[in-house]
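Good morning, colleagues. Please take a moment with the sequence and the structure on the screen before I go through the details.

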Amino acid sequence: YGAVAYIRWKTSTGFECRIIAWKSRIAPLKVEDIVRLELCGALLNARLRTFITKEMKIPFAKVYHIVDSNIVKGMIKKASYIRF
């Protein structure tokens, strides 16, 4: 699983888009379920965003987190799944 961060900005001729960071992890050999790996990817995405926001000198107008699983989206939105 992994996460990728892109930055997009407006220029006089249109928009420019570049990859600024990426992070990946190797899944363990004994995987209990795919949903767990997808949730780990979403967590990696959030940590990557925190790192980029802290290290960049420019503020971002908008930030989008895109995940490809409706189950993960539901888990993130539902408060009962948040464990400390």
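Predicted model: local features only at pLDDT ≥ 70, side-chain atom pairs only at ≥ 80, totals over all residues.

Arg-18 has a relative accessibility of 47%, so it counts as partly exposed rather than exposed, the latter requiring over 50%.

Which residue forms a salt bridge with Arg-18? The partner is Glu-16, and the closest N and O atoms of the pair are 3.2 Å apart. Glu-16 is also partly exposed, because its relative accessibility is 26%. In general terms, side chains of opposite charge can pair when their charged atoms come close. How many salt bridges does the structure hold? The count is 1.

The chain carries 16 positive side chains and 6 negative ones. The centres of these two sets are separated by 7 Å.

Let me turn to the secondary structure. The chain contains 2 strands and 2 helices. Read from the N terminus, their order is β-β-α-α.

Helix α1 spans residues 34-55, and Arg-36 is located in it. Is Arg-36 buried or exposed? Arg-36 counts as exposed, because its relative accessibility is 55% and the threshold is over 50%. Between Arg-36 and Trp-22 there are 14 positions in sequence, and their C-alpha atoms are 20 Å apart in space.

Helix α2 covers residues 70-77 and includes Ile-76. With a relative accessible area of 49%, Ile-76 falls under partly exposed. Ile-76 and Leu-43 are 33 residues apart in sequence, with a C-alpha to C-alpha distance of 9.8 Å.

I now move to the chain as a whole. What radius of gyration does the chain have? The value is 15 Å, whereas a compact globule of 84 residues would have one near 12 Å. Along the principal axes, the C-alpha atoms fill a box of roughly 50 × 30 × 25 Å.

As for burial, 17% of the 84 residues count as buried. The accessible surface of the chain is about 7600 Å², and carbon and sulfur atoms contribute 58% of that area.

Finally, the contacts. Among those in the chain with a separation of 6 or more, 44% are made by residues 24 or more positions apart.

To close, I return to the pair with which I began: Glu-16 and Arg-18 form a salt bridge, and the structure holds 1 such bridge. Thank you for your attention.

Terms used:
Residues numbered from 1 in each chain as written. Heavy atoms only, no water. Helix = DSSP H or I, 4+ residues; strand = E, 2+ residues; numbered from the N terminus. Rg over C-alpha atoms; globule rule 2.2 N^0.38 Å. Buried < 20%, exposed > 50% of the residue type's maximum accessible area, 1.4 Å probe, protein only. Contact = heavy atoms within 4.5 Å. Areas by Shrake-Rupley, 256 points an atom, 1.4 Å probe, with all protein chains shown as cover. Lys, Arg positive; Asp, Glu negative; His and termini not counted. Charge placed at Lys NZ, Arg CZ, Asp CG, Glu CD. Salt bridge = Lys/Arg side-chain N within 4 Å of Asp/Glu carboxyl O.
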